[in-house]
Amino acid sequence: MEATKIPPQRNEQLPDAAVRYADEQHWDVCPGTWLEAAEGADRCSCGDADCAFPGAHPTGPDWAGQATGSGAAARRMWSEHPRASILLPTGRSFDAIDVPESAGFLALARMERMDVPLGPVTRTPDRRMFFFVLPGTAADVDDLVRKSGWRAAAIDLVGRGDGHYVTGPPTRVGGRGAVQWARRPTASNRWLPDAEELIGPLAYACAREAADARARRS
């Protein structure tokens, strides 16, 4: 389906992408961990051989306080570790709705057909999708899903607000691949939707995928 294809990605380095997010999108950015070559494989700079998100997580508990909205400051920060992942804190310029990739593509195609206003959307190598929404609205996600007839936890739909983050493209997650834009940030989607505007299609798609998964296990 044409609407669900991943758009062409920018061919840029992590420091350039971080600076662009700060300067053009006015998003706060924070450098996270990075990948280091060790024994013929990429390992996370955190040193944990069993790291769940190698090269793509905060470097410490104070990560949010290190985030900057200045392109010049971002350039200085990434000059120290040019391979550092890009963390985009939620709860500031945007919140995010986190859903399984299969459900996200299903909902995305449906919303595009319905001309639902959409913000940027990312896709991770871990097969998750993050739909950007107005800051402060992720806190309402559980109640909104409940009003639609489901429980958010049961259908694997999560609101990401203050204290969380989205990993920005083109961050790589171990050997699994890079985070990509399913919908790139543009001038036309700078004005973000409220979470309530997206919950219906997203909850329906997540519930459908959850039901299909249960059917496959039975």
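Strand E4 (residues 86-89) and E9 run antiparallel and are joined by 4 bridges. Helices (H or I, at least four residues) and strands (E, at least two) are DSSP runs, numbered from the N terminus, and two strands pair if DSSP finds at least two bridges between them. Residues are numbered from 1 along each chain as its sequence is written. Because the model is predicted, local features need pLDDT of at least 70 and side-chain atom pairs count only at pLDDT 80 or more, while totals for chains, interfaces and linings use all residues; side-chain values use heavy atoms, with hydrogens and water left out.

E4 and E9 belong to an open sheet of 3 strands, which has the order E1-E4-E9 and antiparallel pairing. Strand E1 (30-31) and strand E9 (165-168) stand at the edges with a single partner strand each, so one side of each lacks a neighbour in the sheet.

Helix H1 lies across E4 and E9 and runs at about 20° to E4. Contact here means heavy atoms within 4.5 Å; axes are lines fitted to C-alpha atoms, for helices over the stretch in contact, and angles run from 0 to 180 degrees between N-to-C directions. Of the 11 residues of H1, 8 are buried, so the helix is largely enclosed by the rest of the structure. Buried means under 20% relative accessible area, exposed over 50% and partly exposed in between (1.4 Å probe, protein chains only). The buried residues of H1 are Leu14, Pro15, Ala17, Ala18, Val19, Arg20, Tyr21 and Ala22, and they pack against H3, E4, E9 and E10. Just after H1, His26 takes a positive phi of about 60°.

Two packed helices are described by the angle between their axes and the distance between the axes. For helix H1 (residues 14-24) and helix H3 (residues 71-80), the axes come within 8 Å and cross at roughly 160°. H1 is therefore roughly antiparallel to H3, where angles under 35 degrees count as roughly parallel, over 145 as roughly antiparallel, 65 to 115 as roughly perpendicular and the rest as oblique. On the H3 side, Gly71, Ala74, Arg75 and Trp78 meet residues of H1, including Leu14, Val19 and Asp23.

Met129 in E7 is the bridge partner of Val99 and stands opposite Arg123, whereas Phe130 in E7 is the bridge partner of Thr122. The hairpin of E6 and E7 has 4 residues between the strands, and Arg127 takes a positive phi near 65° there.

In a regular strand the side chains alternate between the two faces of the sheet. In E7, Arg128, Phe130 and Phe132 point one way and Met129, Phe131 and Val133 the other way. Because 6 of the 6 residues of E7 are buried, this strand is largely enclosed by the rest of the structure.
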